[in-house]
Amino acid sequence: MSSHVMLTHQTRYRYDRPVFLGPQTIRLRPSGTARTPVRSYALRVDPAACKQSWHQDGFGNHVAEVVFAERVTHFDITVRLEADLTPRNPFDFTLAPAARRWMPPAGFSTTLREEGAPAQYQQQVLQQQACGAKLSQQGHAGLPACQNQFYTAEEQAELALYRATPPAGPHLHAFLTDWVEKAPRDTLDMLVALNRALAARIGYQLRLEPGVWAPEETLARGVGSCRDSAWLMIALLRHLGFAARFVSGYLIQSSQTAEGEEALTCDLHAWAEAFLPGAGWVGFDTTSGLLTAHGHLPLAATPAPEQAAPVTGLLDQCKATFDVSMQTDRLVMPDSV
C-alpha cells in the first residue's frame, strides 16, 4: 500500500461585521529539515485580495505573513500537502560518546556514586554540584549550571534560549527529586523512561480554550492537553540539564473504523524535543509516551508554546467564530518501471 498521503487542512474564521485585520502570521508550513519528506505544499488564503509573503523567523521556521488592505467578513486558510509516510525507525541515530551518560544536576542529586560508574563521571558530578552551589550563593538559582551536561561552550551559547529554566514549584521539585533518585544514567534510557512516565501520569484532556497550563498546574491536575504535557516535559528536561523546545505540528496516523477498515486521521498536535549531541533534536510525544516518528510533521519549533501558535495576529473587536477540518487521503502511486 502506498505510503504517500495528501492532507487538506482548512481553517475558517467568520466575523459578525466587516473588520480590519492586522498582519496575520501563519505557521502551517513543514520545516525543511523534517524527517518526513514533504513532496508538495500549497497555501491559499481567502479573500484573495491580500498581500502574502514568506520568511524564516528567528527560530528557523517558515512563516507566511498576510496583510489585508480592506475590511473583511471572513478569513480562510487552506493548506494542501503531500507527505511520504514510509515508516522509519525513530531510534535511527547515534549519540556522541560524551552524551551517552547524563549527570544529575546540583540540587536534585542525592546519590553520587553509582555502581560501575567511571571515576571521571563521578568527578564531573562533583564539579557540577560545586558549580551549582556557587550560583545559588550568588543569587542565581534557577539558571543553568556552569557546565551544563555534555554541551560544549559553543553549544551552550547557541542553545541558551532552550535552556532557560524558571524555579521549580513544589510539585515539579518533588517529581524531579524522586526521578533523579531512580532514573537510569544512560541518557537515552532515561529520556525514554521519562517520556513514558509522563504519558502514564498525565491523562490526556482535549482543551479547546487557548493557552498552555504551567507545568506545576499540569502536575497538580494530573491531566492536560498535548501542549500542556509537552510544556511539562520541556520544564523537566531543562531542569535536568537538557536544551528542550516546544514543537507544534501535524500528527497523521492510521485508525480503524467501526467496520474494521483502515482510515487515516490528522490532528494538530504538540510534542517536546531535546537536543542531544550527535543526534540533534530528538522528539518525544508525551501523549503517547513514544518518540516522534514518520507520522509527526513539525510546523513550528520554538522556546515557548505561545511562539508556535498556528495563526496569530490583530483583530478588530467583534464576534468571531471559527472551525477547522482536515481530510487525509492515501495516494495511489504509479507502478515503477
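## Surface, sheet and core in a predicted model

Glutamate 70 counts as exposed because its relative accessibility is 57%, and exposed means over 50%. The structure described here is a predicted model. Glutamate 70 lies in the loop between β5 (62-68) and β6 (72-84). Leaving out residues up to four places away in sequence, glutamate 70 touches Val19 and Phe20. Valine 19 is 51 residues apart from glutamate 70 along the chain, yet their C-alpha atoms are separated by 8.4 Å.

| Residue | Relative accessibility | Class |
|---|---|---|
| Glutamate 70 | 57% | exposed |
| Cysteine 50 | 22% | partly exposed |
| Cysteine 266 | 8% | buried |

Cysteine 266 is classed as buried because its 8% falls under 20%. A disulfide is a covalent bond between the sulfur atoms of two cysteines. The count of disulfides in this model is zero.

The next topic is a sheet. Strands of a sheet pair through backbone hydrogen bonds, either parallel or antiparallel. Here, five strands form an open sheet in the order β12-β11-β10-β9-β13, and the pairing is antiparallel. At its edges are β12 (290-291) and β13 (296-302), each of which pairs on one side only. Between β9 and β10 there are 13 bridges, in the antiparallel sense. Glycine 249 stands opposite histidine 269, which belongs to β10.

Two helices pack on this sheet. α4 touches β10, β11 and β12, and its direction makes about 30 degrees with that of β11. α6 touches β9, β10 and β11, and its direction makes about 20 degrees with that of β10.

The largest nonpolar core has 49 residues. Within this core, Met190, Leu194, Leu240 and Phe242 have the most contacts. At least two core residues come from each of α3 (170-182), α4 (187-201), α6 (226-239), β9 (244-256), β10 (262-276) and β11 (280-285). The largest share, nine residues, is supplied by α6.

Which residues does leucine 194 contact, leaving aside neighbours within four places in sequence? Leucine 194 is in contact with Phe175, Trp179, Met233, Leu236, Leu237 and Leu240. Of these, Leu240 is also listed with Leu194 among the residues with the most contacts inside the largest core.

How values were computed:
Residues numbered from 1 in each chain as written. Predicted model: local features only at pLDDT ≥ 70, side-chain atom pairs only at ≥ 80, totals over all residues. Heavy atoms only, no water. Core = buried A, V, L, I, M, F, W, Y, C linked by side-chain atoms within 4.5 Å. Buried < 20%, exposed > 50% of the residue type's maximum accessible area, 1.4 Å probe, protein only. Helix = DSSP H or I, 4+ residues; strand = E, 2+ residues; numbered from the N terminus. Contact = heavy atoms within 4.5 Å. Disulfide = S-S within 2.5 Å. Pairing = 2+ DSSP bridges. Axes fitted to C-alpha atoms, helices over the stretch in contact; angles between N-to-C directions.
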